[in-house]
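Subject: Structure handover

Hi,

Here is the structure I promised you. Please open it next to this email, and my notes follow below.

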Amino acid sequence: MSWAILDTNVYIGHWERGLYKSELAAIRKGIIRHSSVVLSELRRGARVMGAQRLVQALHRLAAVQWEPTTEDWWEAGRLIRKIGDAQSWDVVKRREFQNDALIALTARRHGAMVVTANKRDFMLLAAETGIAVHPL
């Protein structure tokens, strides 16, 4: 059985624009685990009551949450510096990339793939971490 973490943009694209229906149906054959980083990003962005209720319901359903460890945070700093330097990213992009790095490292630790619409950033992370990425 395969494991997967859905990136924040997958939830948002599906909820707000009805995207990824067939792709998500195929992925449901595996086991989806919830990332505490993704849940936090969703909560941070839920500004209207309907979105807040949706995120709260997802949080309640997320009986198993995978979170970054201390080592994941430490390694994320190295990855952000290395990839950010190679890509000539400014401090804002590096800050934005941090959560992606934490999601990738959490997935690697559990042997899970990351399902994302953010192909560019996660392919950079895949090259460094060996994670499987399922781009949408």
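Y20 sits in the loop between α1 and α2 (21-27). Its phi is positive, near 70°, and Y20 is not a glycine. Most residues other than glycine have a negative phi. Is Y20 buried or exposed? Y20 is buried, because its relative accessible area is 14% and the cut-off for buried is under 20%. Bear in mind that this is a predicted model.

S88 also has a positive phi without being a glycine, at about 55°. This residue is in the loop between α5 (70-87) and α6. S88 counts as exposed, with 64% relative accessibility.

**The sheet**

How many strands form the open sheet, and in what order? There are 5, and the order is β3-β2-β1-β4-β5. The pairing is parallel. β3 (65-66) and β5 (132-135) are the edge strands, each pairing on one side only. Strands of a sheet pair through backbone hydrogen bonds.

Now strand by strand. β1 (residues 3-6) pairs with β2 (residues 31-35) in the parallel sense, over 3 bridges. Here is how the residues line up:

- W3 is opposite I31 in β2.
- A4 is opposite I32 in β2.
- I5 is opposite R33 in β2.

β1 is also joined to β4 (residues 113-116) by 3 bridges, and these two run parallel. On that side, A4 stands opposite M113 in β4.

**Aromatic pairs**

A search of the whole structure gives 3 aromatic pairs. One of them is Y11 with W15, a tilted pair. The ring centres are 5.4 Å apart, with 50° between the planes. Where are Y11 and W15? Both lie in helix α1 (residues 8-17), 4 residues apart, about one turn of the helix. In an α-helix, residues three or four places apart point the same way, because there are 3.6 residues a turn. Y11 counts as buried, at 9% relative accessibility. W15 is partly exposed, with a relative accessible area of 32%.

Another pair is W89 with F97. Their ring centres are 4.7 Å apart. Why is this pair edge-to-face? The planes are at 65°, and an angle over 60 degrees counts as edge-to-face. W89 is buried, at 11% relative accessibility. F97 is buried too, at 0%.

W89 has a charged neighbour as well. K93 lies over the face of W89, at 5.0 Å from the ring centre.

**Helix α6**

K93 and F97 both belong to the buried residues of α6. The helix covers residues 91-110, which is 20 residues. From first C-alpha to last, α6 reaches 29 Å, close to the 28 Å expected at 1.5 Å a residue. There is a bend of about 30° at F97.

What caps the N-terminal end of α6? D90 does: a side-chain oxygen of D90 lies 3.2 Å from the backbone nitrogen of V92. At the other end, α6 is followed by G111, whose phi is positive, near 70°.

Which residues of α6 are buried? Besides K93 and F97, the list has N99, D100, A101, L102, I103, A104, L105, T106 and A107.

V91 is exposed, because its relative accessible area is 52% and the cut-off for exposed is over 50%. V91 and A126 are 35 residues apart in sequence. In space they are 21 Å apart, C-alpha to C-alpha.

Best wishes

Conventions
Residues numbered from 1 in each chain as written. Predicted model: local features only at pLDDT ≥ 70, side-chain atom pairs only at ≥ 80, totals over all residues. Heavy atoms only, no water. Expected span 1.5 Å × (residues − 1). Bend = angle between axes of the 7 residues up to and from the residue. Buried < 20%, exposed > 50% of the residue type's maximum accessible area, 1.4 Å probe, protein only. Polar contact = N/O pair within 3.5 Å; in protein donor to acceptor, adjacent residues only side chain to side chain. Phe/Tyr/Trp six-rings, centres within 6.5 Å; stacked < 30°, edge-to-face > 60°. Lys NZ or Arg CZ within 6 Å of the ring centre and 35° of its normal. Pairing = 2+ DSSP bridges.
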